[in-house]
Amino acid sequence: MSYDKSVLCGNESAAFRLRGLYRRFGYTQYKMNKFEEYDLYVRNKDFLISDHVITFTDTNGRLLALKPDVTLSIIKNGKDTPGAVQKVYYHENVYRISDRTGAFQEIMQVGLECIGAVDDYCVLEVLSLAARSLTAISDRAVLDISHLGLLSAVLDSLLVPSATRAALLAAIGEKNLHELTALCAAADVTAQKTALLRELCTLQGAPDAVMPRLVALLTGTVPAEMLASFSRLMMALVTAGLGHIVRVDFSVVGDMGYYNGIVFKGFVEGVPTGVLSGGQYDKLMQKMGRSSSAIGFAVYLDLLERLSAEPRSYDGDALVLYGAEDDPAVLAAALEQLTADGTTVLAARTLPAGLRFRRCYRLNGKEGTLDEIDA
Amino acid sequence: MRSMLNVALPKGRLGEKVYAMFEKAGFPCPSILENNRKLIFENEELGLRFFWAKPSDVPIYVERGVADIGVAGKDILLEYAPDVYELLDLGIGKCRMAVAAPEDFRDDPARTLRVATKFSRIARNYYEAMGREIDIIHLTGSIEIAPIIGLSDVIVDIVETGTTLRENHLEVRAEVVPISARLIANKAGYKFKGDLVDRITAGIAAQVNGN
């Protein structure tokens, strides 16, 4: 049966496009229960965007939670098979506290995870799918990509206390050059290293424009193979025709306790926060007793709700008013004729309060016709 | 249609100084100086739209993306912790966040310290870093009166000249953090209007560094 795509909200149609995209690259849908053992989230609460979870006691006394996250469940329920990669996508609702309202929200989320023997191709594929996810949502999109391994190596080279290291990372995340400089001065970081950090904080742009400078900047400070691998990956995205969306930007910082390599964030014009977020999370895998690697991302569909171009001016194409004396069969026949070309119609005895229609008709019960009237 | 860069300026003397910096940097909007009740001012040629906002609301406008950039005090940024870029310290609106207490107050580390403040997050973070247990008393105004009438032991508040403290026999016991006005940007907006934001930032930074 065909359907009218205009009935879908912006986030619903985006969800269908994204699911189709992930299926084309061999990702299979991962369906899961709405509930999960609360213990899973207590042990990994730093990984969650919000550590508040809706809990309840099951009939057998187990403490369960409405899942605030999908990734943890996928990791928990999978197992390592040497050399194998599990590629899954999900389209699920999660329940977490909104950092804006402070109240619990049901959030529709689509995403994918690539878990197992993750190689350079897998990372490239996931980044490509993240970029293509953004273009499936809007033609004005940016995918910022950073590398926590490189950032970590730079911070290690400074030999500063952990509190200063955390503050420096926060300053890089805010593109806060004045704070970065003040922290370096307070921690006796050399002028050369301070200059390197300042440039890393401001360096941003398309891979082909930025990578030569980044390589020159970091050579000698970070592991050579890590830098070369990042460079190859970024240039491969350009070769794949995604250079106009992808940007190198080290202000994307994640929790270094969970993420280790590539981290990324996606933006579309018209939405004030990132709509896509992801990265490599081998450290989380280790914390959960898994020995393999993983990379994935989530698209926050709730944020796309306001992205549709224009608010609706009308609630329907036509309103048909009828009387108590009218024959239901005559009314049904008139409506059938009116809706045949896709016109949306509401039949009612009186004009419904608060609703607007393009046209208004009154049923002529004797003739079986519709007379157009002023609304 | 050309997309405009929306700028939230803090109402009051600080906002007027900030606007002067925009103007000097080559990003003026002459209609903003007209004496009328308009709320929004545009320079279509430069693609700029300015509006005045309550200073404590500027980070909300910027984080929510209705303003692409704005200027807010570091005190508000530390307290509200918006997810924005902090691009520049404007070096104006300087003051300090400090702990103040009655002149004769002697701190007993064995007791929970009662702290009255408008800036609960800043106070909590400050004492947490010291490992000190405190009881936060959140007030919205007239903070100085709290230790005088016994509501709190100390206050954490903004100190400019220190005159109000002195006149009420209070004194600064410790500086928490220096405060000044900061240029902030919405993260998503910066991705699509970054060139203009960078030009404005550079134009204002030249004045800050020249001071």
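A salt bridge is counted where a side-chain nitrogen of Lys or Arg lies within 4 Å of a carboxyl oxygen of Asp or Glu. By this rule, two salt bridges cross the interface of chain B and chain A. This is a predicted model, in which local features need pLDDT of at least 70, side-chain atom pairs count only at pLDDT 80 or more, and totals for chains, interfaces and linings use all residues. Residues are numbered from 1 along each chain as its sequence is written, chains are lettered from A and ligands numbered from 1 in the order in which they are written, and side-chain values use heavy atoms, with hydrogens and water left out.

**First selection: B:Lys191**

Select B:Lys191 together with A:Asp144; their side chains form a salt bridge at 2.5 Å, N to O. This pair runs from helix H7 of chain B to strand E7 (residues 141-147) of chain A; helices (H or I, at least four residues) and strands (E, at least two) are DSSP runs, numbered from the N terminus.

**Second selection: the interface**

Now select the residues in contact, that is, with heavy atoms within 4.5 Å: 18 residues from chain B and 20 residues from chain A. On the chain B side, B:Arg64, B:Lys191 and B:Phe192 lose the most area to chain A, together 41% of what that side buries. The area buried between the two chains is about 1,600 Å², where buried area is the accessible area (1.4 Å probe) lost on being put together, summed over both parts.

A pocket is an open set of points on a 1 Å grid over the protein atoms alone, where a 1.4 Å probe fits, with protein on both sides within 12 Å along at least five of seven lines; lining residues have an atom within 4 Å of a point. Which residues lie nearest the centre of the second largest pocket? Select B:Pro55, B:Gly73, B:Asp75, B:Ile76 and B:Ile158, from a lining of 30 residues. Then colour helix H3 of chain B, which gives the most to this lining, with four residues.
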